[in-house]
Amino acid sequence: MAKRLARQFACRACGAVYPKWMGQCEACGEWNTLEEIAVEPLAASSPRASSKGRRVQLEGLEGMAAPPPRIKTSIEELDRVLGGGLVPASVVLVGGDPGIGKSTLLLQAACKLAGKGDRVLYISGEEAVDQIRLRALRLGVGQAKLDLAASINVADIVATLEAEPDVRAVVIDSIQTMWLETVESAPGTVSQVRACAFELIRLAKRKGFSLILVGHVTKEGALAGPRVLEHMVDAVMYFEGDRGHQFRILRAAKNRFGATDEIGVFAMTDRGLEEVSNPSALFLAERRGNIAGSAVFAGLEGTRPVLLEVQALLAPKSGDNAPRRAVVGWDSGRLSMLLAVLETRCGVKLSGMDVYLNVAGGLKVAEPAADLAVAAALISAATGMPTSSGEVYFGEVGLSGEVRQVSQADARLKEAAKLGFDKAVLPRRIARGSARSKPPEGLTLREIGHLSDLVTADMEAD
């Protein structure tokens, strides 16, 4: 008789498994995401069920561990986010919105690696080989010695990789299109994505090549498929950007071989993605001076200082409706907190105004150091007095209105001086150990301890 398969239900959002179907996943809270999967039961008399494990060897924490070798992709922005390049036998998952440029970036990186003499395979489950060739011609990399294949059958892919010698890197575009015939479900389901990723990752670890997986995202922006997929890989990177802007941001959300707060900046052109070595100059290229409601923020993304323009617009609210708070590129909850501090601690009346805030350029700012720049833009919009065109701002604002210290102030100041700014508004610096470092030549510092100092100075200037 044929074996009777057990039935379980797995959530396609987080991968949680349940013995019966439910409308809502208790693990992640999503509705109607449970899918039926077939599980082959393990017989009690089988060798796997009765065999005993062997004792593993234990080692101490002390000892020297050499840093892992790196495979440079020749794309500095990509290498920066990876932590210095690809690591042999590592697995990288790259996600992003459709059409944002994931396949373009990875095709360019694969061609550059192949141009250095490395054996690179690009396997697509979404496009035919001729389509990839046409894209390579548009990008100007059509002469690279890159091996292409179009397949969704993981068994065929594994057999091919087993037979190919000296493979340094493999790109799978995308993991949601892969299919394993031993799993009874369609491509893209939780069980298929998990099983296909496991087979490919196990092969990469054994053969020693770098594996890059392209992942789809949901409408909320999270990676599609089971959450366990992000735990299985060594690095997770998100490709962000707005199609209305030419900028693209590559950001690491997880990296076992490097930092997770680095970003890479690219510009989308008709020749593909081009690196942006000086993002600050690009983000401020279209800035116009002498406009109320604008301030320049000296930010930090990983180890890289980045200067951005923060724009604020105030308008009287219409009718009896609640005031509107529209934010692009910043945390809306933090804006509400800052508006409350300005009104309660500094006497700036904004409760009857619609507030619109925008971080120009399409970059999303997450660090609290932007508080002071946002406050300066709001105060400038409220008073109608433009901020100085040569002034930058950074500092965290507390609920009592105090302006607090932020990390790496010297790096922010050096970037501002390099781009020609001559003034900086920042928290009062406290010398630790030795004397405080001197500001860059030509840069005047205005240190404030409370947000009211900024309001008073702008009122006096008005």
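Author: Contact means heavy atoms within 4.5 Å. The model discussed here is predicted.

Reader: Which residues does I100 touch, not counting residues up to four places away in sequence?

Author: With those places left out, I100 touches F239, E240, G241, R248 and M268. I100 itself lies in the loop between β4 and α3 (102-115).

Reader: Why is I100 called buried?

Author: Buried means under 20% relative accessible area. I100 has 2% relative accessibility, so I100 counts as buried.

Reader: And what makes G101 count as buried?

Author: The limit of 20% applies again. G101 stands at 6% relative accessibility, so G101 is buried. G101 is found in the loop between β4 and α3, and G101 touches F239, M268 and L273, again not counting residues up to four places away in sequence.

Reader: Which residues does UniProt list for "binding site"?

Author: The unreviewed UniProt entry lists G96, D97, P98, G99, I100, G101, K102 and S103. From this set, G96, D97 and I100 belong to the lining of the largest pocket. Such annotations may be inferred rather than shown by experiment.

Reader: How do you know that β4 and β8 are joined?

Author: Two strands pair if there are at least two bridges between them. Five bridges join β4 (residues 91-96) to β8 (residues 210-215), so the two count as paired. These strands run parallel. L93 stands opposite L213 in β8.

Reader: In what order do the nine strands stand in the open sheet?

Author: The order is β6-β5-β7-β8-β4-β9-β10-β11-β12, with mixed pairing. At the edges stand β6 (147-150) and β12 (272-275); each has a single partner strand, so one side of each is left without a neighbour in the sheet. From one strand to the next the twist averages 25°. Helix α6 (residues 190-207) lies across β4, β7 (167-173) and β8, and runs at about 160° to β8.

Reader: What makes R119 and E164 a salt bridge?

Author: The cut-off is a side-chain nitrogen of Lys or Arg within 4 Å of a carboxyl oxygen of Asp or Glu. The side chains of R119 and E164 meet at 2.5 Å, N to O, so the pair qualifies. R119 lies in strand β5 (residues 119-124) and E164 in the loop between α5 (154-163) and β7, so the pair ties together parts that are 45 residues apart in sequence.

Reader: With which residue does D234 form a salt bridge whose closest N and O atoms are 2.9 Å apart?

Author: That partner is R256. R256 lies in the loop between β10 (247-255) and β11 (263-269), so the pair ties together parts that are 22 residues apart in sequence. At 47% relative accessibility, R256 counts as partly exposed. Elsewhere, salt bridges that share partners join R119, D147 and E164 into one network.

Definitions and conventions: Residues numbered from 1 in each chain as written. Predicted model: local features only at pLDDT ≥ 70, side-chain atom pairs only at ≥ 80, totals over all residues. Heavy atoms only, no water. Helix = DSSP H or I, 4+ residues; strand = E, 2+ residues; numbered from the N terminus. Axes fitted to C-alpha atoms, helices over the stretch in contact; angles between N-to-C directions. 1 Å grid on protein atoms, 1.4 Å probe; cavity = no way out; pocket = protein on both sides within 12 Å on 5 of 7 lines; lining within 4 Å. Buried < 20%, exposed > 50% of the residue type's maximum accessible area, 1.4 Å probe, protein only.
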